Amino acid sequence: MSDLSDFFAEVGKHNLLTKEQEVQLSQRIEKGDRLARDQMISSNLRLAISIAKKYQYTGCSLEDLIQESSLGLIKAVDRFDWRKGFKFSTYACWWIKQSVRKHVASNTSSIKLPTHARGLLWKMRVMADEYEEEFGVAPTNEELADLLGVKASTLAAIVKSARWTVSLDAKVGKGNEGRSVSETVPDGAESADTLIDRQKLVYIVRNALGSLTPREDKVIRLRFGLSEDSTDHKKYPITSEEIQTLEDRKS
Amino acid sequence: MSMPKGHKSQFGYATVSSEEGCRGYREIAEIMTDDGDKMNHSTARNVFLRAMQKIASSVCNSYEHGEADKMAQDPRFQSAIHEIVASI
């Protein structure tokens with residue numbers, strides 16, 4: 001049995017608390033009772049685990065997520081005010097979510113985003129989902145920016161910064177075998193086949209140009225704006241603006 | 001009976017006038033006429049297309065492609081030849 005399963009089994013042994021028990025424990029915690037605090041935490045660990053599990057496909061390990069959600073739970077236990085009359089879970093889930101989201105945001109990307117930017121991204125995703133559900137189409141960046149009350153350029157910059165990064169050394173397939181990402185990225189240079197084809201085509205066109213009559217040759221040159229001698233304006237007349245452009249280029 | 005509409009290229013018409021130094025058929029006709037080779041814009045186009053057909057025939061023969069006429073009129077072909085001729 002794994003450590004995590006042991007932990008789940010241990011957590012399962014603690015019964016959930018009723019509202020009255022929560023109030024009693026909170027009152028004892030206020031007086032500095034460490035045992036009451038431990039019991040409050042242990043009894044609500046199930047809540048922390050269930051929230052952590054919702055984020056397990058974000059690229060972080062479940063162990064880390066549970067640890068972070070537990071820290072959020074501890075923070076909630078220390079700050080819970082039983083006088084307001086709410087169930088503890090209603091209050092705690094926000095601290096737990098905040099703690100987990102903070103961990104996910106700072107560990108899933110090598111680009112660190114400020115908290116307000118992460119919050120804006122979160123709101124943007126929620127709003128985009130709601131918009132699509134209501135209107136049946138995805139909102140444009142401008143529409144989202146308008147709804148969120150920010151500039152479209154700001155939103156675009158945040159979205160761009162939040163993109164996933166991929167290591168060039170990472171393997172493409174499963175496991176550690178196979179090609180790396182860097183081997184699959186096109187280098188932008190023409191392939192040998194293309195170069196050979198192009199050279200062949202140039203050879204063919206060059207020969208074909210030799211078979212043209214002087215009249216056809218001249219018309220083609222005029223059509224394509226080509227001249228053997230760019231200074232020979234009489235043979236291939238060009239406008240004064242074009243002469244100026246050529247002179248500018250020379251200088 | 002309606003008038004025949006003529007040939008409509010599948011990929012539109014080649015327009016090169018937006019590129020630097022390139023000329024339209026009317027402009028070519030004027031230059032050629034000034035140089036003593038009298039022609040109008042239609043002749044300029046026909047001369048140009050005939051030259052294109054010669055190039056297209058050479059290409060077709062080399063690549064075993066059978067439609068030099070259509071290829072010569074294709075603006076994509078003309079654009080490719082423009083690029084190649086400019087690089088020679």
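This is a predicted model: local features need pLDDT of at least 70, side-chain atom pairs count only at pLDDT 80 or more; totals for chains, interfaces and linings use all residues.

Trainee: What end-to-end reach does helix 2 of chain A have, from its first C-alpha to its last?

Mentor: Helix 2 of chain A covers residues 19-30, which is 12 residues. At 1.5 Å a residue the expected value is 16 Å, and the model comes close to that, with a reach of 17 Å.

Trainee: Within what arc do the buried residues of helix 2 of chain A fall, seen down its axis?

Mentor: The buried residues in helix 2 of chain A are A:E22, A:L25 and A:I29, while A:E20 and A:E30, on the other side of the helix, are exposed. Among the elements that cover the buried residues are helix 3 (34-43), helix 5 (62-79) and helix 6 (88-107) of chain A. Seen down the axis, the buried residues of helix 2 of chain A line one face of the helix, because they fall within an arc of 70°.

Trainee: How far apart are the end C-alpha atoms of helix 5 of chain A?

Mentor: Helix 5 of chain A has buried residues including A:L65, A:I66, A:G72 and A:V77, and their cover includes helix 2, helix 3, helix 4 (45-53) and helix 6 of chain A. With 18 residues at 1.5 Å a residue, helix 5 of chain A should span 26 Å, which agrees with the distance between its end C-alpha atoms, 26 Å.

Trainee: How is helix 8 of chain A oriented relative to helix 9 of chain A?

Mentor: The axes of helix 8 (residues 141-148) and helix 9 (residues 152-161) of chain A come within 8 Å and cross at roughly 110°. Angles of 65 to 115 degrees count as roughly perpendicular, so helix 8 of chain A is, relative to helix 9 of chain A, roughly perpendicular.

Trainee: How many residues does chain B bring to its contact with chain A?

Mentor: Chain A gives 20 residues to the contact, with helix 11 (192-210) and helix 12 (214-224) of chain A each supplying at least two. By class, this side of chain A has 12 nonpolar, three polar and five charged residues. The number taken from chain B is 25 residues.

Terms used
Residues are numbered from 1 along each chain as its sequence is written. Chains are lettered from A and ligands numbered from 1 in the order in which they are written. Two residues are in contact if their C-beta atoms, placed from the backbone, lie within 7 Å. Helices (H or I, at least four residues) and strands (E, at least two) are DSSP runs, numbered from the N terminus. Ala, Val, Leu, Ile, Met, Phe, Trp, Tyr, Cys and Pro count as nonpolar, Asp, Glu, Lys and Arg as charged, and the others, Gly among them, as polar. The expected span of a helix is 1.5 Å times one less than its number of residues. A residue is buried if 20 or more other C-beta atoms lie within 10 Å of its own, exposed if 12 or fewer, and partly exposed in between; C-beta atoms are placed from the backbone. The arc is that of the directions from the helix axis to the C-beta atoms. Axes are lines fitted to C-alpha atoms, for helices over the stretch in contact, and angles run from 0 to 180 degrees between N-to-C directions. Angles under 35 degrees count as roughly parallel, over 145 as roughly antiparallel, 65 to 115 as roughly perpendicular and the rest as oblique.
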